Amino acid sequence: MDGTVLLQLLLNALSLGAAYGLVALGFALVIGATGAVNFAQGDLVMAGGLLTVALASLLPVDGLLLLPLVVLAMAGLGLLVCALAYLPFRNAPPVSVFVSTIAVGILLQNGANGLFGAAPRAGPPLLSGGEVGFGGLVLDRQSLAVIVAAVLLAGGTWLLLHRSQIGRRMRATAQDPEMARAMGVNTTRTIALTFALATALAGAAGLLLSNRYFVTPVEGTNLMLKAYIAVVVGGWGRIGGALAGAMLVAGFEVIVSSVLSYPVAEAGLYICVLLLLLLRPQGVFGEALGRRV
Amino acid sequence: MHRTAKTVAAILLAGATALAAESAAAADDKKAVFPVLVPITGFLALEGTAQRNGAVLALDEGIDGVAARYEVQDTGTSPEVAVNALLRALSRDEVTAVAASIFGTQMLAMMPVAAEAEVPLLTVSGTAKLTEMGNPWVFRFFPTDAVVKVAQARYIVEELGKKRPAIIYQTTAYGQSGQAHLLAAFEKLGAKVVYEEGLAPDVKDMLPALTKALAADPDVLVLHLHSGLTALFVRQAKANGTDLPIVAGSAMHQPTTAALLEPAELAGVCAESGSSPISGGSPEMNAFAETYRVRFDAEPDAFALGQYDAMRMALTAIAEGAATPEALREKLATTEYRGLAMTYKSDGTGNMAHDAVIVCYDGESRIPHIAARYENVDGAR
């Protein structure tokens, strides 16, 4: 395996991990805010991808220019998901939210199938152009663009959570909703904003994935599984852990499948997750919530 | 005024006579009920939708002497849904035959019900087992791997002169069946498979497989993958600067797969298939493709054409006197029918399709041309 291929493999792993990271980040945000698992997160990524495809047919520009539109529209969808699938069930047992988010996921899948058909679709590239030179090596520009975009989005999310009043309210609600409410935080509004942010990130991930890996209405289930594993690996409800977990999952997949095979990589990933749950159930970086459901 | 009244009366009389004649003819038409039970949602929705479109087009066009009715039911992804749809259809009507799911697992569940109800199932499912179970009510109008994989291997060895294939296949039942037939065909043709690897349907990055395949020094890349992965692999191979020929499975002939790639990325890429409606070849085929485009705002593929031919063969058999499901089964099992894609004839187990084509892209458009035809590959016709 020569240097170019090795570097391209690492770049692919980083690029895939960055996109998985945005999915896992949104997933972890909702867990943090509500303690409930949003099983529609993968389907929201799919919705973001197909929205990108639809927008690109109307505005044939680079994905980078479509990104703000997708993020805004998906944030609106997040508010709708919150209103339909979370708020009516917030005082019911957690299983109610599982079921309601699964229902939202199925609705999204079938809605996408009805609107777009079942065929895989390709979104626009984030940036036009094929390859870029780097120290004598030729690397895929899309991989680099996806990594940069994902890092900026994750960084923006971190700044929002840690350097803004809204973020402080979100974190307060995530840590102790009762206390946050007692301190005057409108927890319902904060949770709705969290759903909006998580869904916006899902939309961004959908846009980033739609060009390199295409998008189909049934894509969400696998992405949801990857996000779930990333959160388990990184620590339940831990935002940074989810990102790191996503990178580990993507890196493991790409590297092991390069050296051994895809079936070994897939089996190995699940064996590692099982071992982790057995030996360190709080995840590699520890559990933020301690209220896994 | 008087003349006008007479003229109007004459026109009314003529109209009434024509209507009466038509009603009489319609009354004489043989009634036929065809539930269309196919997956329109779920992971096989792409193929299932093509199958539905083919069936609906044939039934809407109809045939003189047959008054056909149909109802489309989505079978989703589970066998129970398919069986329930079949039971519901059987309980509501005197079903003549069923346009049945492309999903082999659903077919396996529906087959005992159809056998008990004595109703023919007409499908384009590729699952080999369907026609190996001794169920006389199943008819498959799409060539099995025993046909298309042999054609694929023969094209690679005999036409391209390649003897060192690397095979990338899907780890699903579909993929493993294709891989087994490819291995057997290459061995028979004296080609040495230098590399093979299975991919799960959710694999995203193709570079690991491509890198390992190229390290084995193949002279051709052979794919047997679903639509999205086929396009991902071709794109990765082209981005990697690979100039080896790629001969893919039938997913690559689907217009929806080609639409994922730029024409330049398709240069040197070929695919096996039962047929390729968009490639044309005859005025009838061109007319079918155009009608399909107008009706469904989509490009037809081999699954759509296979199911179209299946329904046309059933309608023709009914028009020729096969008035009951048993008579239709007998007719399907024993007669030859010249469809648009090929001539169909049962091999005694319900396999009706025995021809294959190889299509290739020229790098300038997404419409492939037919590079080779293989007729009666399994010698069953």
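Me: How much area do chain B and chain A bury between them?
Reply: This is a predicted model, in which local features need pLDDT of at least 70, side-chain atom pairs count only at pLDDT 80 or more, and totals for chains, interfaces and linings use all residues. Residues are numbered from 1 along each chain as its sequence is written, chains are lettered from A in the order in which they are written, and side-chain values use heavy atoms, with hydrogens and water left out. Buried area is the accessible area (1.4 Å probe) that two parts lose on being put together, summed over both. Of the area between chain B and chain A, 62% is on carbon and sulfur atoms, and the total is about 2400 Å².

Me: Which residues of chain B lose the most area to chain A?
Reply: The contact, meaning heavy atoms within 4.5 Å, joins 30 residues of chain B to 31 residues of chain A. Three residues together make up 27% of what the chain B side buries, and they are D202(B), K204(B) and D205(B).

Me: Which residue of chain A meets the side chain of K204(B) in a salt bridge?
Reply: A salt bridge is a side-chain nitrogen of Lys or Arg within 4 Å of a carboxyl oxygen of Asp or Glu, and chain B and chain A have two of them between them. In one of these, at 2.2 Å from N to O, the partner of K204(B) is E219(A).

Me: How many salt bridges are counted between domain 1 and domain 2 of chain B?
Reply: The bounds of these domains come from an automatic or database domain assignment, and their C-alpha centres lie 29 Å apart. The two domains bury about 820 Å² between them, while their count of salt bridges is zero.
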